[in-house]
Amino acid sequence: MNSTGSNQGFVITAFWETNPGEEDSVAALLRQFLPEARKEVQIHQNVLKPREFFFYEVFAAEAAFAAHQQTAHFKRFILGEAIPKLAKRERSQFQFI
């Protein structure tokens, strides 16, 4: 997925919905995860539906996203602790035009 324009980048959006009663726990895990990932990742929690989280992530290239998924903080907080608390997880990939 190479962009032919000058705004090269690889963007991931994700939507999470926690299992009932897990929203505070997941929010706490994400607060621990963010200091290590703040450069690429922005995470938002729905004000009216606190079980819902939206992620917007921008990486220099697809390889940078792949490397991000191999980091210790991603494996611990996202794969190991947060994902098991989810009822729903959707991800989409985009590139700049």
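**Strands, helices and rings**

Ile12 stands opposite Glu57, a residue of strand β3. The model is a predicted one. In it, four strands form an open sheet in the order β2-β3-β1-β4, paired in the antiparallel sense. The points below treat the sheet, the helices and the aromatic rings in turn.

**The sheet and its edges**

- Strands β2 (41–45) and β4 (86–95) stand at the edges of the sheet, and each has a single partner strand, so one side of each is left without a neighbour in the sheet.
- On average, and with direction ignored, neighbouring strands of this sheet are turned by 15 degrees against each other.
- In general, the strands of a sheet pair through backbone hydrogen bonds, either parallel or antiparallel.

**Strand pairings**

- Strand β1 (residues 10–18) is joined to β4 by nine bridges, and the two run antiparallel.
- Within β4, Phe94 is the residue that stands opposite Val11.
- Eight bridges link β1 and β3 in an antiparallel pairing.
- The antiparallel pairing of β2 and β3 extends over five bridges, and Gln45 stands opposite Phe53 in β3.
- A hairpin of six residues leads from β2 to β3.

**Helix α1 against the sheet and against α3**

- Helix α1 lies across β1, β2 and β3 (52–59), and its direction is at about 160 degrees to β2.
- Helix α1 (residues 23–37) also packs with helix α3 (residues 72–82), at an angle of about 165 degrees and with the axes 9 Å apart.
- Because angles over 145 degrees count as roughly antiparallel, α1 is described as roughly antiparallel to α3.
- The crossing in which α1 passes α3 is left-handed.
- On the α1 side, the contact is made by Val26, Leu29, Leu30, Gln32, Phe33, Glu36 and Ala37. On the α3 side, His73, Phe74, Arg76, Phe77, Ile78, Glu81 and Ala82 take part.
- Sorted by class, the contact of α1 with α3 comprises nine nonpolar, two polar and three charged residues.

**Aromatic pairs**

- Four aromatic pairs are present in the structure.
- One of them joins Phe10 and Phe65, whose ring centres are 5.8 Å apart and whose planes are at 40 degrees, so the pair is tilted.
- Phe10 belongs to strand β1 and Phe65 to helix α2 (residues 62–68), so this pair ties together parts that are 55 residues apart in sequence.

Note on methods: Residues are numbered from 1 along each chain as its sequence is written. This is a predicted model: local features need pLDDT of at least 70, side-chain atom pairs count only at pLDDT 80 or more; totals for chains, interfaces and linings use all residues. Side-chain values use heavy atoms; hydrogens and water are left out. Axes are lines fitted to C-alpha atoms, for helices over the stretch in contact, and angles run from 0 to 180 degrees between N-to-C directions. Angles under 35 degrees count as roughly parallel, over 145 as roughly antiparallel, 65 to 115 as roughly perpendicular and the rest as oblique. A crossing is left-handed if the near helix is turned anticlockwise from the far one by less than a right angle, and right-handed if clockwise. Contact means heavy atoms within 4.5 Å. Ala, Val, Leu, Ile, Met, Phe, Trp, Tyr, Cys and Pro count as nonpolar, Asp, Glu, Lys and Arg as charged, and the others, Gly among them, as polar. Two strands pair if DSSP finds at least two bridges between them. Rings of Phe, Tyr and Trp (its six-membered ring) pair if their centres lie within 6.5 Å; planes under 30 degrees apart count as stacked, over 60 as edge-to-face and the rest as tilted.
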